[in-house]
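Here is a friendly note to read alongside the model. Please have a look at the sequence and the fold, then follow the points below.

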Amino acid sequence: MNHTPVFDLSEFESFPILKTKRLTLRAIEPTDAPALFAMQSDALLFRYLGKPPHQAMEETVQLIQELQQAYVQQAMLCWAATIRDRPDIIGTCGFNTIEPTHRRAEIGGALSARYWGSGVAWEAVEAILRYGFEGLRLHSIEAKINPANRSVVRLLKLAGFQKEAHFRDRYWKDGQWVDIAVYTLFESDFK
């Protein structure tokens, strides 16, 4: 009989804090609303995302509440990325969806334009992948991205993700149809 390891739900007993050389990944709190709104309202940051930037602080406050509720329901795990031991958010990252039965999750995130090219995105992704495979015991992690976002494509390939699908005209944004590419990393391929 095949005894497949199960998703580790005990990881949801308390919010995990992850640390890298330069980052602390922690829970998003209501007090983060002003810094998060600054990011969520930045049109440059949303250039490759399938949703519009926030127009009002209330949208960000509601987002924080939704993220906290999704964590309680074990449906999502989203971290606030901060420069290590500083309070202000420079990005958000985590698992946009979690499928415990199939030991699968979807990774996603956003980083303040000020930190693009600094290497901190790689640190966050590496920590989240390690947590996903070693902590949650995931079998696979996928990313759904706009294929025009070349820096994210490079980041995913660096992490070992393989392109599995390309969906043409997947969503409508800013007066045009936008494609989506799906990249996947399996536990057995994680370095």
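1. **The sheet.** Eight strands form an open sheet with mixed pairing, in the order E1-E2-E3-E4-E5-E6-E8-E7. E1 and E7 (162–173) are the edge strands, each pairing on one side only. Strands here are DSSP runs of type E with at least two residues, helices are runs of H or I with at least four residues, and both are numbered from the N terminus. Two strands count as paired if DSSP finds at least two bridges between them. In general, strands of a sheet pair through backbone hydrogen bonds, either parallel or antiparallel.

2. **How to read the values.** This is a predicted model, in which local features need pLDDT of at least 70 and side-chain atom pairs count only at pLDDT 80 or more, while totals for chains, interfaces and linings use all residues. Residues are numbered from 1 along each chain as its sequence is written, and side-chain values use heavy atoms, with hydrogens and water left out.

3. **E2 with E3.** Five bridges join E2 and E3 in the antiparallel sense.

4. **The E4–E5 hairpin.** Strand E4 (residues 89–99) pairs with E5 through eight bridges, in the antiparallel sense. Phe95 stands opposite Ile107 in E5. Four residues lie between the two strands of this hairpin, and Arg103 in the turn has a positive phi of about 50°. Strand E5 (residues 104–111) is mostly covered, with six of its eight residues buried. Buried means under 20% relative accessible area, exposed means over 50%, and partly exposed lies in between (1.4 Å probe, protein chains only).

5. **From E5 to E6.** E5 and strand E6 (residues 140–145) run parallel and are joined by three bridges. Across this pair, Arg104 stands opposite Ser140 in E6. The chain gets from E5 to E6 through helix H3 (residues 120–135), and this β-α-β crossover is right-handed. That term applies if, with the strands pointing away from the viewer, the path from the first strand over the helix to the second runs clockwise.

6. **Helix H3.** The end C-alpha atoms of H3 are 21 Å apart, which agrees with the 22 Å that its 16 residues should span at 1.5 Å a residue. The expected span is 1.5 Å times one less than the number of residues. Its buried residues include Val120, Glu123, Ala127, Ile128, Tyr131 and Phe133. Just after the helix, Arg137 takes a positive phi of about 65°.

7. **Helix H2.** H2 (residues 57–72) has 16 residues and reaches 23 Å from its first C-alpha to its last, close to the expected 22 Å. Which of its residues are buried? They are Thr60, Leu63, Ile64, Leu67, Ala70 and Tyr71. These residues lie on the same side of H2 because they cover an arc of only 130° around the axis, the arc being that of the directions from the helix axis to the C-beta atoms. Helix H1 (33–40) and strand E3 (77–83) are among the elements that cover them. Glu58 and Val72 are exposed, on the face turned away from the buried side. After H2 comes Gln74, whose phi is positive, near 60°.

8. Leu18 is found in strand E1 and counts as buried, at 12% relative accessibility. Leaving aside neighbours within four places in sequence, Leu18 is in contact (heavy atoms within 4.5 Å) with Leu23, Thr24, Leu25, Trp79, Ala127, Ile128 and Tyr131. Thr20 sits in the loop between strand E1 (18–19) and strand E2 (23–27). Thr20 is also buried, with a relative accessible area of 11%. Not counting residues up to four places away in sequence, Thr20 touches Arg84, Glu123 and Ala127.

9. **Cysteines.** A disulfide is a covalent bond between the sulfur atoms of two cysteines. How many disulfides are there? Taking a disulfide as a pair of cysteine sulfur atoms within 2.5 Å, the count comes to zero. Cys78 is in no disulfide, and the nearest cysteine sulfur, that of Cys93, is 6.8 Å away. That is too far for a bond. Cys78 counts as buried at 16% relative accessibility, and Cys93 is buried with a relative accessible area of 9%.
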